[in-house]
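The following paragraphs lead through selected parts of a model, shown below, and should be read alongside it.

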Amino acid sequence: MKSGLLRSHLTGWIGRVFHLRGALASDPTAHMLYALLLILLAVIVLQNATLAWQPNFRPWISLFLGPTLVVALVMLRLGSLNGASLIYLIAMWVCATATSSLNGGIRSFGLVLFVALPVSAAWLFGYRAALLTTGICMATALVFVLLEVGGVSLPRLIPGTPFGIWGVLLIAVLIGVIPVAQVLRSLWDAVDELRQNREHLQQLVEHRTEQLVEARDQAQAASRAKSDFLATVSHELRSPLNTILLLCDPMSIDAESAGERQQNLHLIRRSGLHLLHLINDVLDSAKIEAGQIVVENAPFDLRELICELTDMMRVRAEEKRLDLLVEKLPEWPRFIQGDRAKLRHILVNLMDNAIKYTDRGRVTLGVEVEPLGSTNQLRLRFEVTDTGIGISPQDQARIFEPFTRLGNAARRSGTGLGLSITRQYANAIGGSIHLESVLGGGSRFRVDAPVDVVADGDYNTAKTTQPRIVGLATGHPEYRVLIIEDRSEDRMILCRLLEGAGFRVQATETGESGVEVFQSWRPHFVWVDRQLPLMDGLEAARRIRSLDGSGEVKIVGYSASVFDSERAEMLAAGLDDFVQKPCLANEILDCMARHLGVEYRWSDTASVE
């Protein structure tokens, strides 16, 4: 028990002697200097013990160096690293100088300490102290050189012995190697810390990447959900809007309607068309965001398109007492191939904005043609110019961004999506759009669109523009038409429209009953809505197509679905065509004429181009 207690006390004493406390307890440089001082003291003691038996041994240097190192140790214990370091460097310089002076000057082996001292100075105080120490050591060595050159021979009061030389070399190695080892250890710790930081940074990057991927997936899911929501809401909006437009269309051209009733119907129809325009803007934006823009190249009559646009916009221009002008070159082609719907959408948006932001003056539509590399390829340039309020440079930078509406509150109608969609459509058809405007001096929008020229023989120029259909032409057989529509209003309007045009009509509200009526009645034409209760329109069309003798029947989808993918899905289910709600009466009747080859009788004389 006593031996254990003694060992415990001894261990505690050694711990107190060889470990620093206070502010220097966690300083690696202080700990390394403390160990170096203890080792040097041990080397001096060992050297003196070894050389004590030599007849010419003089312990003068040891008597100075030993107590000096003890003072440095005490200062370290008291917490003064700088003081202990300075005493250590001065003591080692004195030791090196004294050893060289007492052992032959410049020829002394003690000069090796001058080489090691700057390393310790750099370790303890930095590169400035290393430079200063190097200068002092070089100057001291130079003094020995000058003494040797001047013929002054320093006596060898302490002649070199093997153990003495070994001791000096050992001290030189200690004061040179230990600082280097400490620096290398610090560098290794720094490298290890950098490696840990790199691994931590890599883990952090991977974690952030996972978060970004998750956020991206959530954003994409939200975008898809928004698109699905817009498509669903649009169906609910388009269905009643279809009833309004179809109901107003035949009544608004009724010559027997009273003036006030005619005016009210005109307002209803115009409001319905305005609501349709707003809905289309939102849905077009959703399709663009979902990446569902499909460019359709087909032949069309450019002159007819320009006339349609000017006729449609002239009414609005006349309401504001504006002049609507069309400037075109005489040699521009009439029949071209391109995406008529998107080109029409672009020009409608630009002309509509020009009229909305112009209070007096005129709106001009200019058309120019520029040949491209091939003889059949042209670049159409449309310029819509107005004398309106103009656009400031600040607003020009954001005019094509979504939901941007300029002007005062009275002019800020619409969704603010028109010009954004216009730019997207212009890019989709391979063209571009540019703006030139001066605030208060009007604006000019220029659209460039590449098209192909179509020969007159490749395009059917027969177009009828009749005011009203009153029945089928003489000699046509009786055509039976089946309507499968769950909305009672749409069934009523379609039945009234088709019966007025001379067709026999039956209507049903579910897909199952539609299949049963088809089997018993065998119609020539079927209108089917996509969204039906229980059995949807696609399944109803597939079942009708699977019946014997159904190969000749024409089946046309009639729905408020807006995406091209849904239209393609309906056509893949066996439908012959697709008409989108809301639509006008002439779209319904034109579709019947295309698929059945029927001709109509008109209330007035036909005007054919």
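R444 touches E383, V384, T385, H434, L435 and E436, not counting residues up to four places away in sequence; here contact means heavy atoms within 4.5 Å. This is a predicted model, in which local features need pLDDT of at least 70 and side-chain atom pairs count only at pLDDT 80 or more, while totals for chains, interfaces and linings use all residues. Residues are numbered from 1 along each chain as its sequence is written, and side-chain values use heavy atoms, with hydrogens and water left out.

R444 belongs to strand β7 (residues 443-453); helices (H or I, at least four residues) and strands (E, at least two) are DSSP runs, numbered from the N terminus. With a relative accessible area of 32%, R444 is partly exposed, given that buried means under 20% relative accessible area, exposed over 50% and partly exposed in between (1.4 Å probe, protein chains only). The C-alpha atoms of R444 and L365 are 9.8 Å apart, although 79 residues separate the two along the chain.

The largest nonpolar core has 40 residues, and L302, L350, F382 and F445 touch the most other members. Such a core is a set of buried Ala, Val, Leu, Ile, Met, Phe, Trp, Tyr and Cys residues joined through side-chain atoms within 4.5 Å. At least two residues of this core come from each of α9 (302-319), α10 (340-356), β4 (362-371), β5 (377-386), α12 (418-428), β6 (432-437) and β7. The largest share, eight residues, is supplied by α10. Beyond its neighbours within four places in sequence, F445 is in contact with L350, F382, E383, V384, I391, F400, L419, I433, H434 and L435. A second, separate core of 39 residues includes L33, L41, L73 and L89.

Strand β13 (residues 577-580) contains D577, which is buried at a relative accessible area of 12%. The side chains of D577 and H595 are joined by a polar contact of 3.0 Å, that is, a pair of N or O atoms within 3.5 Å; within protein, one must be able to donate a hydrogen and the other to accept it, and residues adjacent in sequence count only if both atoms are side-chain atoms. Setting aside neighbours within four places in sequence, D577 also has contacts that include I555, V556, G557, R567 and L571.

Finally, V149 lies in helix α6 (residues 127-149) and counts as exposed, at 68% relative accessibility.
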